[in-house]
Amino acid sequence: MGLQNAYVESAAQAVSLLDAPEVAASWDLLTRMVELAVPMDDLAVSVGLSAPRLPRAAFDPVVALLTELAARRHGRAALLRALTRAERGPSAINVF
């Protein structure tokens, strides 16, 4: 339980930092938002917890960046199909 409690406390602190409008609005910090969002999800899965919900001001730019990177890596048509027509899309559209 100690690891789970430490995760929840750390995640809450990270999310509260991302929730500050002056931080989330700064595109200079987009890389840092990705570096927080992805490992927070990884850690949550590894300990069997739900990932903390990112504030929209952090989630939207992170998803926009990841979407653009996936499109560059796999092509726009493949990304569109993966998001809308699973039967015609590739088996995975990953960024990393």
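Predicted model: local features only at pLDDT ≥ 70, side-chain atom pairs only at ≥ 80, totals over all residues.

Residues are numbered from 1 along each chain as its sequence is written, and side-chain values use heavy atoms, leaving out hydrogens and water.

Switch to cartoon. You'll find five helices and zero strands (DSSP runs, H or I of at least four residues for helices, E of at least two for strands, numbered from the N terminus).

Next, select residues 30-46, helix 3, and residues 56-74, helix 4. Their axes (lines fitted to C-alpha atoms over the stretch in contact, with angles from 0 to 180 degrees between N-to-C directions) lie 9 Å apart at an angle of about 95°. The two are therefore roughly perpendicular, a label for 65 to 115 degrees.

Now show side chains at the contact (heavy atoms within 4.5 Å). Helix 3 brings Leu30, Met33, Val34 and Ala37, while helix 4 brings Ala57, Ala58, Pro61, Val62, Leu65 and Leu66.

Finally, pick Leu30, Met33, Val34, Ala37, Met40, Leu54, Ala58 and Val62: that's the largest nonpolar core, meaning buried Ala, Val, Leu, Ile, Met, Phe, Trp, Tyr and Cys residues joined through side-chain atoms within 4.5 Å. Buried is under 20% relative accessible area (1.4 Å probe, protein chains only). Helix 3 gives the most here, with five residues.

How values were computed:
Parallel < 35°, antiparallel > 145°, perpendicular 65-115°, else oblique. Buried < 20%, exposed > 50% of the residue type's maximum accessible area, 1.4 Å probe, protein only.
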